[in-house]
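Thanks for passing this one along. Here are a few notes to read with the model open beside you.

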Amino acid sequence: GKAAVPFSGQIEYLVVAGGGSGGAWYSGAGGGAGGYRTNYGGTKITLTQGNQYTAAVGASGIGPGVNSAGGDGGNSSLSGTGISTVTATGGGGGGTSTQPCAPGKNGGSGGGSGAPGNPAGFCSVAGIGNAGGDGGSPSIPEGFNGGIGHDGHAACTNAGGGGGAGEVGGNSFDACTPIASKVGGDGGDGLSNAITGSATYYAGGGGGAAEGSPTNPDSAGGN
């Protein structure tokens, strides 16, 4: 929303974008976390009484159709008179099980890659997180890359986890025997921030799926 502030002073901010949605099919990959921007504990920005400032919150990615990659999350931003606009980039959608590879999408944090489907092997084209950009002062990356999916054979597709603000998404396990060992990659953890007064994790990536869910449970999302 947009509002004129009733005071002048310095503030800290935390801006987190919408996360990407996971991919859909046998083993959809985890969506990447929304980009993470903060100046908490660093250099504050100055707001001036009477000026208008706008805080925009990005939506999460829209769920995909059958055998489709996940949708990207929307950007979030803080802008207004006399300050540099702070933009957090929406998370990348997770890949799905297509041939020959099922890449994750780029974003604030990258989506994980799905499994190739057939032939067997790794799908190493995970989504790329935005490691550059202005993360406040001191500067920090928005997020990290997604994890890698793996296909052991036609009945064993395990997807990678989405990247988080604090680490890369987990790679899926190269394991198909026994069937219960099929495991997707965990989502990358977010970062802890105490701007509200208590430490809370923000911007964790989504966990990757293993073919055969719910018998083979999906992996955990990041903190």
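Where is Ser21 found? Let me start there, with the reminder that this is a predicted model.

1. Ser21 sits in the loop that runs between β3 (14–16) and β4 (36–38).

2. The side chain of Ser21 reaches the backbone oxygen of Ile62 at 3.0 Å. Setting aside neighbours within four places in sequence, Ser21 is in contact with Gly31, Gly61, Ile62, Gly63, Pro64, Gly70, Gly71, Gly93 and Gly94. Ile62 therefore turns up both in the contact list and as the partner of the side chain, through its backbone oxygen, under the contact limit of 4.5 Å.

3. Now to the strands. β1 (residues 2–4) pairs with β6 (residues 52–56) in the antiparallel sense, over three bridges. In this pairing, Ala4 stands opposite Gln52 of β6.

4. β6 also pairs with β7 (residues 76–80), again antiparallel, over four bridges. Here Ala55 is the residue that stands opposite Leu78 in β7.

5. One backbone angle deserves a glance. Ala203, in the segment after β13 (200–202), has a positive phi of about 65 degrees although it is not a glycine. Most residues other than glycine have a negative phi. Ala203 is also buried, with a relative accessible area of 13%.

Conventions. Residues are numbered from 1 along each chain as its sequence is written. This is a predicted model: local features need pLDDT of at least 70, side-chain atom pairs count only at pLDDT 80 or more; totals for chains, interfaces and linings use all residues. Side-chain values use heavy atoms; hydrogens and water are left out. Two strands pair if DSSP finds at least two bridges between them. Helices (H or I, at least four residues) and strands (E, at least two) are DSSP runs, numbered from the N terminus. A polar contact is a pair of N or O atoms within 3.5 Å; within protein, one must be able to donate a hydrogen and the other to accept it, and residues adjacent in sequence count only if both atoms are side-chain atoms. Buried means under 20% relative accessible area, exposed over 50%, partly exposed in between (1.4 Å probe, protein chains only).
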